[in-house]
Amino acid sequence: MFSRIARPTICIATRSLSTSSQNNAKVAVLGASGGIGQPLSLLLKNSPLVGELSLFDIAHTPGVAADLSHIETRAHVTGYMGPDQLDAALKGCNVVVIPAGVPRKPGMTRDDLFNTNATIVATLADAVARNCPEAMICIIANPVNSTIPITSEVMKKYGVYNPNRVFGVTTLDIVRANAFVAELKGLDPARVNVPVIGGHAGKTIIPLISQATPKVEFPADQLSALTARIQDAGTEVVKAKAGAGSATLSMAYAGARFTFSVLDAMNGKDGVVECAYVRSEETECKYFSTPLLLGKHGIEKNLGLGKLSAFEENLVAEAIGELKGSIKKGEDFVANMKSSASLAAAPAPHSFPCSKCLRANTGWGTPAHSYLFGYGLCVCARMRVHVFRSYVIM
C-alpha cells in the first residue's frame with residue numbers, strides 16, 4: 001500500500017507538466033472523450049493549477065469524468081454530454097481547450113480534415129463566444145492553419161474577439177524538435193529548446209535550429225533531413241499506427257504543456273514563453289506562429305522571428321503562400337456561413353439513420369459506427385468519413 005505521506009509527485013523530467021502554484025482556474029476540454037481528449041484531461045486533472053475541469057463531448061463523457069474523479073487530486077471534474085449541455089460546460093470557464101475533430105488517417109493531410117473539422121470548430125467557437133467570451137481559447141483541432149482564422153472570425157461576429165486570447169497549439173512541433181535534436185546530439189531532451197515558427201502543417205512548420213538552446217550545429221544534409229522529419233512527424237505517427245489513428249498521446253502532452261503555461265502566466269508567473277499560431281504582424285501572413293511572452297491577459301508580447309539563418313529564411317519564404325491560402329480558406333468558410341446556429345440546435349446523436357451506411361448494408365447503430373459530434377457525420381467501419389446532413393452550416 002502507498003503511504004499518504006510518501007505519495008510521489010507525478011512530473012515529466014525537469015519540464016514538469018505541473019507547478020506548485022495554486023489556482024482555481026476552470027478549464028474546459030471540448031472533445032474530452034477522444035484519443036487526445038482523454039489523456040489530455042488526465043494530465044489536467046493532475047495539475048494543482050486546475051480547480052475545476054469541465055469535460056464535454058457528444059458521448060461517453062460521464063464515464064470519463066467518473067473515472068477521472070476517482071484520482072486523488074484537487075480538480076473537481078464534471079462531464080457534459082450532447083449539444084444541449086454544451087453551454088453549461090462552458091459557463092465560467094477561464095481556459096477552453098479544443099481537441100475535438102476527426103483524426104488523420106493514412107494518406108490524409110491535415111487540410112483533408114477541413115470540411116469536417118471546420119464545422120466542428122466554428123460551432124464550438126460560437127458557444128465559447130456566447131458563454132465565456134473572455135476565456136483563453138487553445139485550438140488543437142486540425143488544420144490549425146485554418147481553424148484559428150475560423151475561431152477568430154466567429155468571435156468577431158459576436159464582437160468579442162481578442163487576438164491576445166486565441167491560440168493555435170503548435171507545441172507538439174516544439175516537443176518533437178526538442179526530442180529529435182536531443183536524440184541526434186545525445187542531450188537530455190528536457191533541457192533542449194528549439195523554437196518552431198510558421199504554421200502547423202507540412203512545410204509551414206519551420207524549426208529554428210540556429211536558435212536552439214543549447215546551441216547545436218548540423219551538416220547541411222543532416223539539417224535538411226532533420227527539418228523534414230520535424231515537418232513530417234505527424235505523418236510518421238499516422239503511418240506507424242496503420243489506420244488506428246494519429247498522434248494522440250504526444251499531442252495530449254503538448255496540449256497540457258501549453259495549457260499549463262497559459263495558466264502559469266494567468267497566475268502571475270513571469271517569463272512564460274511558448275510558441276503558438278496567433279494573429280500576427282511579424283510577416284505578411286495575418287496569422288503566424290512565433291515565440292510569445294504570455295501574461296495574465298494572454299499574449300503580453302510577440303517575440304518575433306529572431307535572427308534567421310539563410311536556410312531558415314528560405315523555409316519562411318516557401319511557407320508564406322500555403323499559409324495565406326489556409327488562412328483565406330478559414331476566413332471564407334465563416335463568411336459563407338448562412339447563420340450562426342448553435343450546436344444546441346442540432347438533433348441528438350443517432351436520431352436518424354445514415355442512408356449511405358444503410359445502402360452499404362453495414363447496419364446503422366452498430367459498434368462499427370459512431371455519430372461524430374452531432375454534425376451529421378458518420379465514421380463507418382472502414383473509418384471513411386462522409387457527410388450526410390449538416391445542421392449548423394448548410
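Q: What lies over the face of Tyr287, and at what distance from the ring centre?
A: Arg279 does, at 5.7 Å from the ring centre of Tyr287, where a charge sits over a ring if NZ of Lys or CZ of Arg is within 6 Å of the ring centre and within 35 degrees of the ring normal. Please keep in mind that this is a predicted model, in which local features need pLDDT of at least 70, side-chain atom pairs count only at pLDDT 80 or more, and totals for chains, interfaces and linings use all residues. Residues are numbered from 1 along each chain as its sequence is written, and side-chain values use heavy atoms, with hydrogens and water left out.

Q: Which ring has the charged end of Lys329 over it?
A: That is the ring of Phe114, with the charged end of Lys329 4.6 Å from its centre.

Q: How many aromatic pairs are there?
A: The count comes to 3, taking rings of Phe, Tyr and Trp (its six-membered ring) as paired if their centres lie within 6.5 Å, with planes under 30 degrees apart called stacked, over 60 edge-to-face and the rest tilted. One of them is the edge-to-face pair of Phe167 and Phe258, at 5.4 Å centre to centre and 65 degrees between the planes. This pair links distant parts of the chain, since Phe167 is in strand S6 (residues 166-168) and Phe258 in helix H9 (residues 249-266), 91 residues apart. Helices (H or I, at least four residues) and strands (E, at least two) are DSSP runs, numbered from the N terminus.

Q: Are Phe167 and Phe258 buried or exposed?
A: Both Phe167 and Phe258 are buried, meaning under 20% relative accessible area, against over 50% for exposed and partly exposed in between (1.4 Å probe, protein chains only).

Q: And what sort of aromatic pair do Tyr277 and Tyr287 form?
A: Tyr277 and Tyr287 form a tilted pair, 6.1 Å centre to centre with 35 degrees between the planes. Tyr277 belongs to strand S9 and Tyr287 to strand S10, 10 residues apart.

Q: Why do Tyr277 and Tyr287 count as buried?
A: Tyr277 counts as buried because its relative accessible area is 0%, and Tyr287 counts as buried because its relative accessibility is 0%.

Q: What joins S9 to S10?
A: Strand S9 (residues 272-279) runs antiparallel to S10, and 8 bridges join them, where two strands pair if DSSP finds at least two bridges between them. Within that pairing, Val272 has Leu294 of S10 as its bridge partner. On S10 (residues 287-295) itself, 9 of its 9 residues are buried.

Q: Which strand does the hairpin join to S10?
A: The hairpin joins S10 to S11 through 2 residues. The two strands run antiparallel with 4 bridges, S11 covering residues 298-302, and Leu293 has Lys301 in S11 as its bridge partner.

Q: Switching to helices, how far does H10 reach?
A: Helix H10 (residues 310-335) has 26 residues and reaches 38 Å from its first C-alpha to its last, close to the 38 Å expected at 1.5 Å a residue; the expected span is 1.5 Å times one less than the number of residues.

Q: Where does H10 bend?
A: H10 bends by about 35 degrees at Ile320, the bend being the angle between axes fitted to the seven residues ending there and the seven starting there. Ile320 is buried in H10, as are others including Leu323 and Ile327.

Q: How many residues of H4 are buried?
A: In H4, 16 of its 18 residues are buried.
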